[in-house]
Amino acid sequence: MKNIRLTLVFYIAFLMIPLYWLFNMSLKTNTEILSGFSLWPTNPTLDNYITIFSDAGWYMGYVNSTIYVGLNTIISLAVALPAAYAFSRYRFMGDKHLFFWLLSNRMAPPAVFVLPFFQLYSSIGLFDTHIAVALAHCLFNVPLAVWILEGFMSGIPKEIDETAQIDGYSFGAFFLRIFMPLIKSGIGVAAFFCFMFSWVELLIARTLTSVDAKPIAAVMTRTVSASGLDWGVLAAAGVLTIIPGAIVIWFVRNHIAKGFALGRV
Amino acid sequence: MQKKLNQKAWFLVLPVFLLVAFSAIIPLMTVVNYSVQDSFGNNEFFWVGAEWFSEILNSERFHSALGRQLLFSAIILLIEIPLGIFIALKIPKQGWAVSLCLVLMALPLLIPWNVVGTIWQIFAREDIGLLGYVLAALDVDYNYTQNSTDAWITIIIMDVWHWTSLVVLLCYAGLSSIPDAYYQAAKIDGASRWATFRYIQLPKLKRVLLIAVLLRFMDSFMIYTEPFVVTGGGPGNATTFLSIDLVKMAIGQFDLGPAAAFSLIYFLIVLLLSWVFYTIMTANEGKTNQS
Amino acid sequence: MAKIHLNNIAHSYQPNPNGPDDYALKSMEHIWEDGKTYALLGPSGCGKTTLLNIISGLLTPSEGHVLFGDDDVTSLPTEERNIAQVFQFPVIYDTMSVRQNLAFPLKNRGESVEAINARVEEIASMLGLTDQLDSRALNLSSDAKQIISLGRGLVRDDVNAILFDEPLTMIDPHKKWLLRSKLKKLHQEFGFTMVYVTHDQTEAMTFADHVVVMKDGEILQVGTPKELFERPRHTFVGHFIGSPGMNFLPVSLEGNKAKFNGQTIKLNHDYSTDISDNIMLGIRPEYIAVTTPDNGGIIASVTNVEDLGKHKIVRMTIGDHTLSAIVPEETEISTNEVSISFTPENTLIYRNNLLIEKDK
């Protein structure tokens with residue numbers, strides 16, 4: 001029992017110490033960071049956070065990120081739900097090939113798509129819009145969402161569909177009122193993964209934006225100013241990017257174990 | 001489950017098909033298009049056939065980036081998969097601490113990748129980072145911006161920090177689905193701790209491990225942002241992995257033709273290796289009961 | 001093999017139990033005789049599985065001792081108790097062949113390859129698994145899997161007892177009786193002590209020499225199926241065993257008569273020393289004779305007659321009380337009112353739910 005705890009404590013400490021360090025730095029002034037080494041801030045200050053919240057260039061980064069992540073999650077789920085239903089319930093021409101082709105897109109290195117995406121979205125006038133990033137992230141999120149949802153839906157007996165049909169539900173009413181509540185944990189998990197991969201991605205998001213839809217992750221490269229790197233502000237910005245993720249995890253904490261098995265255990 | 005034949009199901013799949021076709025096929029066509037042409041900059045293109053492909057496949061630069069990439073992915077898998085299983089085995093089945101453990105473990109997974117890079121870039125710096133500072137105080141000769149071994153170690157530790165939890169969570173999910181009776185039977189049969197792991201836990205983990213290995217392989221093979229932020233691919237080219245090299249070529253040097261050929265080769269390698277992993281890991285399974 | 005003695009054991013899943021309600025298993029004393037078959041019968045959550053796990057050593061009882069023969073094994077781990085256990089869900093090692101599954105417990109105990117092979121062949125022929133020895137265990141049907149998990153227990157030649165925890169739950173109905181008769185045959189041939197947990201009375205009654213009826217962590221009665229049927233020692237046993245269960249009517253006692261609803265029922269014994277507030281009369285539906293009302297006796301109104309082909313079940317009410325009788329198939333129940341009578345030697349009297357014993 002003791003050695004069980006020890007392993008876990010070590011591992012979690014290993015995970016938390018770098019995060020603590022970032023948090024520690026975010027409460028220091030740049031001068032304090034550069035002037036010496038201390039395990040905790042001697043004069044804790046919120047100046048770095050104030051800098052971020054008083055500068056639209058900074059905080060709009062968060063707004064932009066949130067908008068395209070939200071859009072992406074909604075689009076991904078909206079198209080993946082009916083498709084996953086089709087894959088879990090019916091056979092149709094080319095179904096297997098289509099499924100594997102979809103999944104193969106999850107294997108595409110984002111770096112491969114950077115330039116073509118840039119050209120594609122520029123040519124249709126969507127460059128530097130939230131929707132462009134949201135659509136581009138669908139490349140890897142839609143296959144994932146379809147796959148996760150298909151796993152959860154296959155666990156629901158087909159008899160439920162048939163009973164609803166006999167009871168006179170139209171397909172739409174059945175899907176919205178009976179089927180979706182049954183797989184709500186699956187929808188939650190899919191949404192979680194869409195959020196996760198869209199929120200953490202930078203390469204594509206940075207390439208497809210310049211000013212109006214610039215993600216927070218890209219704004220962070222701005223901290224190089226005339227006086228050198230402002231480490232304090234950089235650390236504070238970093239801490240702020242962790243918070244949305246932490247909130248999302250907190251909400252799904254009781255489903256983490258099951259959710260990460262993607263409905264396939 | 002017996003599925004019904006129903007061609008109308010295509011209507012349900014159509015939105016996904018169109019969306020993914022739009023964001024996958026059109027860009028891919030562009031890439032294919034570039035990969036067989038050359039341009040002198042004024043929008044004039046001419047056919048060069050497979051020239052870029054043979055150039056890339058024969059180039060020292062591509063070989064070394066591919067070599068580094070394979071080595072990196074291999075190390076990552078060899079560390080993260082066993083470590084992930086080991087830690088998952090140590091998580092108790094229930095108790096108030098379990099939720100907290102899982103939440104803390106999941107945290108690194110939701111940090112934007114460049115922030116992960118930034119965290120480690122800071123953490124490993126000798127002047128302002130805890131790790132760098134401690135190592136310097138212990139008189140360890142460590143400098144990830146100068147020494148390529150140090151750079152590798154830093155990036156590998158960063159990736160272990162970032163992604164091992166994914167393996168842990170997947171394995172934990174797999175382990176929680178094993179009924180108690182299995183452990184009781186193993187006790188009655190006098191199985192050792194190792195035999196219990198080998199014959200009960202590992203077989204039941206197979207499915208999640210397949211997912212874990214595939215995800216970890218794909219994502220480590222496509223890694224870009226984190227090492228780019230920490231080392232920028234350096235020192236020299238020591239940590240220039242395939243994606244970093246590709247972006248350098250495509251956006252830095254604007255060598256569209258070679259970059260496109262590079263892209264396609266890269267994509268094919270990922271697909272091929274993923275397929276190999278999938279085949280090996282499902283080889284002994286006989287009939288699988290799921291698509 | 002040896003008899004198993006549960007010496008004043010009790011178990012609570014809570015670290016500091018405060019009262020009898022905190023105990024999953026209340027203090028009990030019981031001896032499982034060597035070479036007998038026992039069925040542990042009771043509703044879900046009555047402590048059957050807890051009791052089983054205490055015997056096998058998966059649980060250590062909070063109080064009392066477990067003795068195998070004369071050896072105290074209370075603190076001995078499961079693997080040293082030489083117990084075989086078959087679980088509700090077939091537990092097999094998926095990646096192994098049937099042969100490897102059977103050999104596993106011996107391998108873990110470090111026996112020689114020759115000894116293992118010989119023993120596995122022996123057990124396989126005993127269980128009729130010889131043809132399947134080299135197939136993957138994963139692909140077998142669930143009844144074959146249960147046989148394998150049984151075999152893993154039997155393969156050790158020093159087995160003290162075989163425990164079954166509702167082993168037929170996952171088996172197709174038509175295969176249940178096949179498996180059950182196989183178990184019976186094994187017992188007849190080899191004489192293992194067997195403890196069989198179930199909530200199905202038919203399973204219990206057909207399988208075991210002795211049935212142990214449990215409720216709320218207590219053993220209510222141990223007896224042969226016949227004893228449980230004829231002389232249930234607790235009203236719950238009467239209810240639980242038999243279909244439909246025993247009828248109970250609140251009565252007052254007067255010597256060797258019981259008064260119910262103004263009517264007099266004749267009893268076989270004198271109960272004048274047993275008078276109390278909470279007296280129940282128990283009678284099996286099988287021992288109620290139903291005749292036309294003009295025969296006198298107790299009058300009951302018929303609410304329903306179920307024709308089961310072999311016999312009929314007559315549901316009746318007397319005032320607020322319901323009772324059932326089983327009558328021969330050819331009996332005609334045409335009237336709304338019937339007269340019923342009880343055979344005195346099968347009419348039992350319960351005080352505070354416990355049988356008042358008169359015979360012994």
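The model is predicted.

**Stop 1: chain A**

Select chain A. Its secondary structure comprises 14 helices and 3 strands. Along the principal axes, its C-alpha atoms fill a box of roughly 75 × 60 × 30 Å. The chain has 265 residues, and 49% of them count as buried. Now look at the contacts inside chain A with a separation of 6 or more. Residues 24 or more positions apart account for 80% of these.

**Stop 2: A:A213**

Stay in chain A and select A:A213. Look for A:A213 in a loop, with helix 11 (203–207) on one side and helix 12 (216–219) on the other. Is A:A213 buried or exposed? A:A213 is buried, because 25 other C-beta atoms lie within 10 Å and 20 or more are enough to count as buried.

Next, show what A:A213 touches, leaving aside its neighbours within four places in sequence. Select A:N64 and A:Y68, then A:D128, A:T129, A:H130 and A:V133; A:A213 is in contact with each of these. A:V252 is 39 residues from A:A213 along the chain, and their C-alpha atoms are separated by 28 Å.

**Stop 3: where chain A meets chain B**

Show chains A and B together. How many residues does the contact take from each chain? It takes 79 residues from chain A and 77 residues from chain B. On the chain B side, select helix 1, residues 9–35. Helix 1 of chain B gives the most to this side, with 15 residues. Colour the side of chain B that touches chain A by class. You will find 58 nonpolar, 15 polar and 4 charged residues.

There is a strand pairing to find between these two chains as well. Zoom in on A:Y90. Opposite A:Y90 stands B:K4, in strand 1 of chain B.

**Stop 4**

**Stop 5: chain C**

Of the 360 residues in chain C, 39% are buried. Among its contacts between residues at least 6 apart in sequence, 65% join residues at least 24 apart.

**Stop 6: a hairpin in chain C**

Finish with strand 9 (residues 210–215) and strand 10 (residues 218–223) of chain C. The strands run antiparallel, joined by 5 bridges. Select C:V213 and look across to strand 10, where C:Q221 stands opposite. In a regular strand, side chains alternate between the two faces of the sheet. Last, go to the turn of this hairpin. There are 2 residues between the strands, and C:D216 takes a positive phi near 45 degrees.

Terms used
Residues numbered from 1 in each chain as written. Chains lettered and ligands numbered in written order. Predicted model: local features only at pLDDT ≥ 70, side-chain atom pairs only at ≥ 80, totals over all residues. Contact = placed C-beta atoms within 7 Å. Helix = DSSP H or I, 4+ residues; strand = E, 2+ residues; numbered from the N terminus. Nonpolar A, V, L, I, M, F, W, Y, C, P; charged D, E, K, R; others polar. Pairing = 2+ DSSP bridges. Buried ≥ 20, exposed ≤ 12 C-beta atoms within 10 Å, placed from the backbone.
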